[in-house]
Amino acid sequence: MSRAMFEPIFKDNFPFWDKISEGEKNYICENSFALTYPKGTTVHDGTECSGVFFVRSGCLRVYIMSDEGKDITLYRLHSGDMCMLAASCVLQSITFDVLIDAEENSECYIVSGSAFSSVSENNPDIKIFALETAVNRFSDVMWVMQQILFMSMDKRLAIFLLDESTRTGSDVITLTHEQIAKYMGSAREVVSRTLKYFSSEKIVEVSRKGVRILDMKRLRALVL
């Protein structure tokens, strides 16, 4: 693909971009791809080094799955977000498999993992960037694990609803109970039961359209 297509986003997102040679810039761009993933598509199945993902539009879900088929959402990627955890050939210390699905129709730029790794061999700045990016995502992962292991369900659900409201700028969360459960690493029945309790307390209103937050103050109080 042409360098002109990719360079603007790489220049904005790679702090090392101005420190590498023109040949290395060309090599990265030549080994980058623009792909569209329909909703429900598996973007990365954990079996290979897919590369570095930039989300142009849509939403990707990054998760892990147990041998029994239970999955836990680690985080979601929205427009402007980047993910390094699918590039195990760049970060060889990653010893677990992450999977990525398209939650919405999504457009992505992908830098080949092998090309990124090759250029990083002679550029410490790239290695540092890759490590720092992964560490930031691991902070998200640890936050998810902390919630699952140590927080009550009502507190976890309150945090989720508040985060979604902040992200979307709306007091209506247009997700099904099953989707919320999947994002939280819980069971749909548990989410439905907790939402029913929130509804009885007039904190939220549940309908086919989703969950409307009625009392933001009381919802925030559940988090404290």
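The model is predicted, so local features need pLDDT of at least 70 and side-chain atom pairs count only at pLDDT 80 or more, while totals for chains, interfaces and linings use all residues. Residues are numbered from 1 along each chain as its sequence is written, and side-chain values use heavy atoms, with hydrogens and water left out. Helices (H or I, at least four residues) and strands (E, at least two) are DSSP runs, numbered from the N terminus.

Helix 1 spans residues 3–13, and its buried residues are Arg3, Phe6 and Phe10. Viewed down the helix axis, these buried residues fall within an arc of 80°, so they line one face of the helix; the arc is taken from the directions between the helix axis and the C-beta atoms. Their cover includes helix 2 (22–30), strand 1 (32–37), strand 3 (52–57) and strand 8 (106–111), with contact meaning heavy atoms within 4.5 Å.

Turning to the strands, five of the seven residues of strand 4 (residues 59–65) are buried, so this strand is largely enclosed by the rest of the structure. Strand 4 pairs with strand 5 (residues 71–78) in the antiparallel sense over seven bridges; two strands pair if DSSP finds at least two bridges between them. Within this pairing, Val62 has Tyr75 of strand 5 as its bridge partner. The two strands form a hairpin with five residues between them, and Gly69 in the turn has a positive phi of about 95°. Strand 4 also pairs with strand 7 (residues 99–102), in the antiparallel sense and over four bridges. Here, the bridge partner of Tyr63 is Leu99.

A helix pair comes next. The axes of helix 5 (residues 153–168) and helix 8 (residues 216–223) come within 8 Å and cross at roughly 130°, the axes being lines fitted to C-alpha atoms over the stretch in contact and the angles running from 0 to 180 degrees between N-to-C directions. Helix 5 is therefore oblique to helix 8, given that angles under 35 degrees count as roughly parallel, over 145 as roughly antiparallel, 65 to 115 as roughly perpendicular and the rest as oblique. Residues making the contact include Ala158, Ile159 and Leu162 of helix 5 and Leu219, Leu222 and Val223 of helix 8.

Finally, Lys196 lies in helix 7 (residues 188–200) and is exposed, with a relative accessible area of 65%.

Conventions:
Buried means under 20% relative accessible area, exposed over 50%, partly exposed in between (1.4 Å probe, protein chains only).
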